[in-house]
Amino acid sequence: MIAFDWVFFAVGIPAIIFGGIAKGGFGSGAAFVAGAILALVVPPGLALGIILPLFMLVDAATLRPYWGQWHWPSAKGIMQGAVPGCIIGALLYALVDADVFRLLIGAICLAFAAFQLARALGWLMVRQMPFSRNFAWMAGLVGGFTSFISHAGGPPTAIFLLSQGLGKTAFQATTVLSFWAINWMKVVPYAYLGIFSLETLKASAVLAPFALIGAWIGVRAHRLVPERAFFALTYVLLVATGLRLIWVALA
């Protein structure tokens, strides 16, 4: 059962707004922080069930502003690779318990923050590469898997898209289209695995307005807010959340 108390809303509302902003304007690579933060106050499985309808709502709201501006070969490859990735994620979900997912989500949080910090400091360079269908497919495979288990498909697909040298808007549009499709792939498996429930749907409905607020802010912030400022806050949240989830899982 989900306790709809002040703690749930104090954590859930800013997390969902932040996730909507990330998906709506900043390539969605950090959007999974919303689910990671929510997993601090509800079990990871419930957090997955709450977040998916909200992210699908954000996808629907942001498709139009970026319509037709995506790089279709990249989006197509990511979506194709995501199909087996989601299947693997569904099989793993059926076999392991909640603490394993806390560990996985926490590790992804820390790995993504470390990757972005290394890029910002110049320790790691993502070289521009010619388009490769196989590379796109592999990015989709990993992205589909991590998206299924933690809504964290953004980081692996972002690495691929960065290597393509896409402009800021093409990068964002390709991400929006790809995850619109990937999130739809997860609906039936989530329902079959019992990730959705009346409680999670009720929580999603209550938080839906805040997801739309975040999406609205994200689309407008896309051209106005420096990515450096947005992601500086993201990295702090990711590290703190990742460490907390790992601590809870191992305690």
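Predicted model: local features only at pLDDT ≥ 70, side-chain atom pairs only at ≥ 80, totals over all residues.

Trainee: Which residues touch the most other members in the largest nonpolar core?

Mentor: They are F8, L38, I50 and L54, in a core of 33 residues. A nonpolar core is a set of buried Ala, Val, Leu, Ile, Met, Phe, Trp, Tyr and Cys residues joined through side-chain atoms within 4.5 Å. Buried means under 20% relative accessible area, exposed means over 50%, and partly exposed lies in between (1.4 Å probe, protein chains only).

Trainee: Which elements give two or more residues to this core?

Mentor: These are α1 (6-25), α2 (33-38), α3 (44-63), α5 (98-120) and α9 (198-221). The largest share, six residues, comes from α3. Helices are DSSP runs (H or I, at least four residues), numbered from the N terminus.

Trainee: And what does I50 touch?

Mentor: Not counting residues up to four places away in sequence, I50 touches I2, F8, L38, T200, A203, S204 and L207. Contact means heavy atoms within 4.5 Å. There is also a second, separate core of 21 residues, which includes F101, F160, L161 and Y190.

Trainee: Let us change topic. Where does S74 lie, and is it buried or exposed?

Mentor: S74 lies in helix α4 (residues 72-93). It counts as buried because its relative accessibility is 0%. Leaving aside neighbours within four places in sequence, S74 is in contact with F131, A136, F160, L161, Q164 and T174.

Trainee: What about T241: which residues is it in contact with?

Mentor: T241 is in contact with A36, I37 and L40, again leaving aside neighbours within four places in sequence. T241 belongs to helix α10 (residues 227-250), and its 4% relative accessibility counts as buried.

Trainee: Which residues make the nonpolar surface patch?

Mentor: W6, V7, L40 and V41 make a patch of about 380 Å². Patches are made of residues with over 30% relative accessible area and no salt bridge; nonpolar side chains (Val, Leu, Ile, Met, Phe, Trp, Tyr) are joined within 5 Å, and like charges within 9 Å. V41 sits in the loop between α2 and α3 and is partly exposed, with a relative accessible area of 34%.

Trainee: How many salt bridges are there?

Mentor: The count comes to two salt bridges. A salt bridge is a side-chain nitrogen of Lys or Arg within 4 Å of a carboxyl oxygen of Asp or Glu. In one of them, the side chains of K23 and D59 meet at 3.0 Å, N to O. This pair links distant parts of the chain, with K23 in helix α1 and D59 in helix α3, 36 residues apart.

Trainee: Are K23 and D59 buried or exposed?

Mentor: K23 counts as buried at 6% relative accessibility, and D59 counts as buried at 2%.

Trainee: And what of K202 and E199?

Mentor: Their side chains meet in a salt bridge at 3.5 Å, N to O. Because K202 and E199 are three residues apart in helix α9, they are separated by about one helical turn. K202 is partly exposed, with a relative accessible area of 41%, whereas E199 is buried at 15%.

Key: Residues numbered from 1 in each chain as written. Heavy atoms only, no water. Areas by Shrake-Rupley, 256 points an atom, 1.4 Å probe, with all protein chains shown as cover.
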